[in-house]
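Here is a colleague's note to read beside the model. The points go from one residue to the whole chain.

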Amino acid sequence: MGFLIRLAITALALWVTTLVVPGVDVTGRDGANTVLTLLAVALIFGVVNAVLKPVIKVVGCVFYLLTLGLIALVVNALLFLLTDWIARGLDLPFRVDGFWAAFWGAIVMAVVSWLISVAVPDRLEGR
């Protein structure tokens with residue numbers, strides 16, 4: 001149950017990101033297609049972050065220390081671009097137009113996800 005709620009939170013944050021950040025778009029044929037696309041991209045984003053982010057943090061820990069963690073913003077943008085690349089490979093109607101759209105998109109995703117997570121009670125997330 002916690003996984004599904006986390007997926008829904010990420011999909012909702014992704015939807016808000018498409019509304020706020022120019023260059024991050026979901027172009028579904030209809031409402032149902034858009035929702036399914038958002039859920040699929042949220043799943044891809046979650047898998048990319050779960051698999052690659054810890055590896056990148058371990059391998060690049062020196063860069064995290066030298067930049068006082070600011071490299072995390074670049075890493076998040078690159079992971080967002082990787083999510084776009086995978087979505088394109090799966091023919092999902094999700095597009096990120098370049099690094100800066102990914103940079104701001106990743107920031108908006110993180111903030112909105114955090115805000116929604118704060119609003120959702122812990123017992124619903126399965127903690």
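1. Is Trp100 buried or exposed? The model is a predicted one, and in it Trp100 has a relative accessible area of 57%. Exposed means over 50%, so Trp100 is exposed. Phe99 has a relative accessible area of 28% and is therefore partly exposed.

2. Which kind of aromatic pair do Phe99 and Trp100 form? The pair is edge-to-face, with 5.2 Å from centre to centre and 80° between the planes. Phe99 and Trp100 also belong to one aromatic cluster, together with Phe103 and Trp104.

3. The structure holds 6 aromatic pairs. One of them is formed by Phe80 and Phe94, whose ring centres are 6.1 Å apart. Their planes stand at 90°, and planes over 60 degrees apart count as edge-to-face, so this pair is edge-to-face. The pair joins distant parts of the chain: Phe80 sits in helix H4 and Phe94 in strand S2 (residues 94–96), 14 residues apart. Both Phe80 and Phe94 are buried.

4. How do helices H4 and H5 lie relative to each other? Two packed helices are described by the angle between their axes and the distance between the axes. Helix H4 covers residues 71–89 and helix H5 covers residues 99–119. Their axes come within 8 Å and cross at roughly 105°. Angles of 65 to 115 degrees count as roughly perpendicular, so H4 and H5 are roughly perpendicular to each other.

5. Which residues make the contact between H4 and H5? On the H4 side they are Leu73, Val74, Asn76, Ala77, Leu78, Phe80 and Leu81. These meet Phe99, Ala102, Phe103, Gly105, Ala106, Ile107 and Met109 in H5. By class, the contact of H4 with H5 has 12 nonpolar residues, 2 polar residues and no charged ones.

6. Now the whole chain. The secondary structure consists of 6 helices and 2 strands. Along the sequence, the pattern reads α-β-α-α-α-β-α-α. Residues 24 or more positions apart account for 73% of the contacts with a separation of 6 or more.

7. Last, the overall dimensions. The C-alpha trace spans about 45 × 35 × 25 Å along its principal axes. A compact globule of 127 residues would have a radius of gyration near 14 Å, and the protein has 15 Å, which agrees. Of the 127 residues, 39% are buried.

How values were computed: Residues numbered from 1 in each chain as written. Predicted model: local features only at pLDDT ≥ 70, side-chain atom pairs only at ≥ 80, totals over all residues. Heavy atoms only, no water. Axes fitted to C-alpha atoms, helices over the stretch in contact; angles between N-to-C directions. Helix = DSSP H or I, 4+ residues; strand = E, 2+ residues; numbered from the N terminus. Parallel < 35°, antiparallel > 145°, perpendicular 65-115°, else oblique. Contact = heavy atoms within 4.5 Å. Nonpolar A, V, L, I, M, F, W, Y, C, P; charged D, E, K, R; others polar. Phe/Tyr/Trp six-rings, centres within 6.5 Å; stacked < 30°, edge-to-face > 60°. Buried < 20%, exposed > 50% of the residue type's maximum accessible area, 1.4 Å probe, protein only. Rg over C-alpha atoms; globule rule 2.2 N^0.38 Å.
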